[in-house]
Amino acid sequence: MEQKTCPAFKKCGSCQMLDLPYKRQLMIKQNRVKRLLSKFAKPEKTVGMKYPYHYRNKVQAAFGSAGGRVISGVYQSSSHKIVPVDRCLLEDVAADKIICEIRKMCPSFKIKPYDEVKETGFLRHVLVRRGFSSGQIMVVLVTAKEPFKSAESFVNELVRRRPDITTVVQNINGGFTSLVLGEKQRVLYGKGYIEDELCGLTFKISPRSFYQINPVQTAVLYNKAIGYANLNGEQTVLDAYCGIGTIGLCAASHAKEVIGVELNADAVNDAKQNAEINGIKNARFFCADAGEFLKETAAEGNRPDVVFMDPPRAGSSKRFLNSLLEIMPQKVVYISCNPETMARDLETLKKGYTVKKLCPVDMFPHTEHTEVVALLEQKENAAE
């Protein structure tokens, strides 16, 4: 495969492996997973991408000033220094072009980028999400304050220049924070969300929704996870850390019942709507802590047969792991974006479970990150 170069490679720091042939990257990731997890089970071969470029369907750019002109790009690794970027080999091409268009429009509309040191200016970030299958595009303008005097004329001109844009949302983030999005937002154009297809289902994606950024590999990952679970239509499935319900809803046609649990209330609302959009009747979603929910469900005499868990990079909480060991579902399918924390969690779960299968999936080509899916089955006599 042709190796591509990026002018911002050494400044940005996001693509740590871009200078390595893709086959070499996969080998490095395979060895890392093997080193960390082979004591639990032999990892399968890492599943890579056929075309490992422009896979990010969510692109966010920080806005700032340099030499009296508006710049946009990414923060240099471990800093808040903006590295100007017009085109990125990982990001969606249309999203990059839209961000450049917004940057060009700022001076004529007297929109100044936010200065987080002086706490002056208006535009902090621009986030663009594009549906890989649907082609729908959402633009989120993250501003430091709410009044946007030129909003109507600005959006009209933006959509005139980029008619492929489906919706535009203003998100207000006035705090001193490293978070991109604030709590408050208003729709400036369109519905305020987009839809995309994944594993044959339609999903609603709001500005604050968690949705996997690489839809091609997400389908690979979810099909692997659901295949590991070997559902036959008789099991009750708990989807912990369910987000907008993607994996639970994808598994619903193979299960008796799916229960999704998530702490983010916005995501839970999206999950409920996604079930309705797809006509799925055997899935319910709750806003709760997964560990507490698992204990309460068991206390009522209901124990899931299979648990899907997809925790953040920090891994699962001790509370949730202990709840699993107390309730002891027959199978656990653990999806991890961090093999280090997965190794730690599997060490805890080995008291009651045996890891039967492990498969790395390259969700983030040219970076150091690796996703891993594992099948855990209850040890004999463990639930007694």
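1. In this predicted model, the side chains of glutamate 347 and lysine 39 come together in a salt bridge, with 3.2 Å from N to O. Glutamate 347 belongs to helix H10 (residues 339–349), while lysine 39 sits in the loop between helix H2 (22–37) and strand E1 (58–66), so the pair ties together parts that are 308 residues apart in sequence. The two partners can also be described by their accessibility: glutamate 347 counts as partly exposed, at 31% relative accessibility, whereas lysine 39 is exposed, with a relative accessible area of 62%. This pair can be read against a total of 20 salt bridges in the structure.

2. A second salt bridge joins the side chains of aspartate 270 and lysine 204, at 3.9 Å from N to O. The pair links distant parts of the chain, since aspartate 270 is in helix H7 (residues 265–277) and lysine 204 in strand E9 (residues 201–205), 66 residues apart. Both partners fall under the 20% limit for a buried residue: aspartate 270 has a relative accessible area of 4%, and lysine 204 has one of 10%.

3. The salt bridge between the side chains of aspartate 86 and arginine 103 has an N to O distance of 2.9 Å. Aspartate 86 lies in the loop between E3 and H3 and arginine 103 in helix H3, so this pair ties together parts that are 17 residues apart in sequence. Elsewhere, Glu101, Glu157, Arg160 and Arg161 are linked in a network of salt bridges.

4. The pocket is lined by 19 residues, and the closest to its centre are Pro7, Ala8, Val85, Asp86 and Arg87. Strand E3 (82–84) and helix H3 (93–105) are the elements that give two or more residues to this lining. By residue type, the lining divides into 10 nonpolar, 3 polar and 6 charged residues.

5. The surroundings of phenylalanine 203 deserve a look of their own. Not counting residues up to four places away in sequence, phenylalanine 203 touches Ile194, Glu195, Asp196, Leu198, Tyr211, Ile244, Gly245, Thr246, Leu249, Cys250 and Asn274.

6. Finally, is threonine 236 buried or exposed? Threonine 236 is found in strand E10 (residues 236–240), and its relative accessibility is 16%, so it counts as buried, the limit being under 20%. Leaving aside neighbours within four places in sequence, threonine 236 is in contact with Glu257, Ile259, Pro304, Asp305 and Val306.

Definitions and conventions
Residues numbered from 1 in each chain as written. Predicted model: local features only at pLDDT ≥ 70, side-chain atom pairs only at ≥ 80, totals over all residues. Heavy atoms only, no water. Helix = DSSP H or I, 4+ residues; strand = E, 2+ residues; numbered from the N terminus. Buried < 20%, exposed > 50% of the residue type's maximum accessible area, 1.4 Å probe, protein only. Contact = heavy atoms within 4.5 Å. 1 Å grid on protein atoms, 1.4 Å probe; cavity = no way out; pocket = protein on both sides within 12 Å on 5 of 7 lines; lining within 4 Å. Nonpolar A, V, L, I, M, F, W, Y, C, P; charged D, E, K, R; others polar. Salt bridge = Lys/Arg side-chain N within 4 Å of Asp/Glu carboxyl O.
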